[in-house]
Amino acid sequence: MPRPTATQLAYGSATVFLSTLAMLLLSQTQTGIGVAVIAIAGLGLGLLVAMTAPMPGVSRVVRRHVVRAKSPAAPAPLRAVPSPYDRVPRPRLTGTAGAPEARVGEHSR
């Protein structure tokens with residue numbers, strides 16, 4: 001069984017103290033048996049709260065190792081993704097006096 005954490009001990013202790021105090025004040029018992037029953041109930045409630053408090057999670061190192069173990073050995077091959085400009089026909093501009101086509105509107109890639 002794992003050791004309780006500081007958070008579990010704090011929650012459990014606070015629950016024992018506050019619940020026992022509240023039950024003693026609300027029941028207004030004056031007998032020794034009544035106080036004993038309330039004290040045992042407070043301890044049980046504190047134990048329940050301490051055991052249900054969240055345990056610390058798995059460390060990042062272990063989580064990273066598990067994730068890497070499940071990843072594929074080789075990355076997926078790269079594929080060319082067509083850009084929207086490849087689908088739109090570009091107007092051909094001709095220069096004056098038989099000059100080659102002007103490259104207006106193109107950008108470097």
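Me: Which residues is threonine 20 in contact with, leaving aside its neighbours within four places in sequence?

Reply: Contact here means heavy atoms within 4.5 Å, and on that basis threonine 20 touches Thr15, Ile38, Ala39 and Gly42. This is a predicted model, in which local features need pLDDT of at least 70 and side-chain atom pairs count only at pLDDT 80 or more, while totals for chains, interfaces and linings use all residues. Residues are numbered from 1 along each chain as its sequence is written, and side-chain values use heavy atoms, with hydrogens and water left out.

Me: Is threonine 20 buried or exposed?

Reply: Buried means under 20% relative accessible area, exposed over 50%, and partly exposed in between, with a 1.4 Å probe and protein chains only; threonine 20, at 15%, is buried. A polar atom of its side chain lies 2.6 Å from the backbone oxygen of valine 16.

Me: Where is threonine 20 placed, and which residues of that helix are buried?

Reply: An α-helix has 3.6 residues a turn, so residues three or four places apart point the same way. Threonine 20 is in helix H1, helices being DSSP runs (H or I, at least four residues) numbered from the N terminus. In H1 the buried residues are Gln8, Gly12, Thr15, Ser19 and Thr20. They lie on the same side of H1 because they cover an arc of only 115° around the axis, taken from the directions from the helix axis to the C-beta atoms. On the other side of H1, Ala6, Phe17, Leu18 and Leu25 are exposed.

Me: Which helix do the buried residues of H1 pack against?

Reply: The buried residues of H1 pack against helix H2 (32-52).

Definitions and conventions: Helices (H or I, at least four residues) and strands (E, at least two) are DSSP runs, numbered from the N terminus. A polar contact is a pair of N or O atoms within 3.5 Å; within protein, one must be able to donate a hydrogen and the other to accept it, and residues adjacent in sequence count only if both atoms are side-chain atoms.
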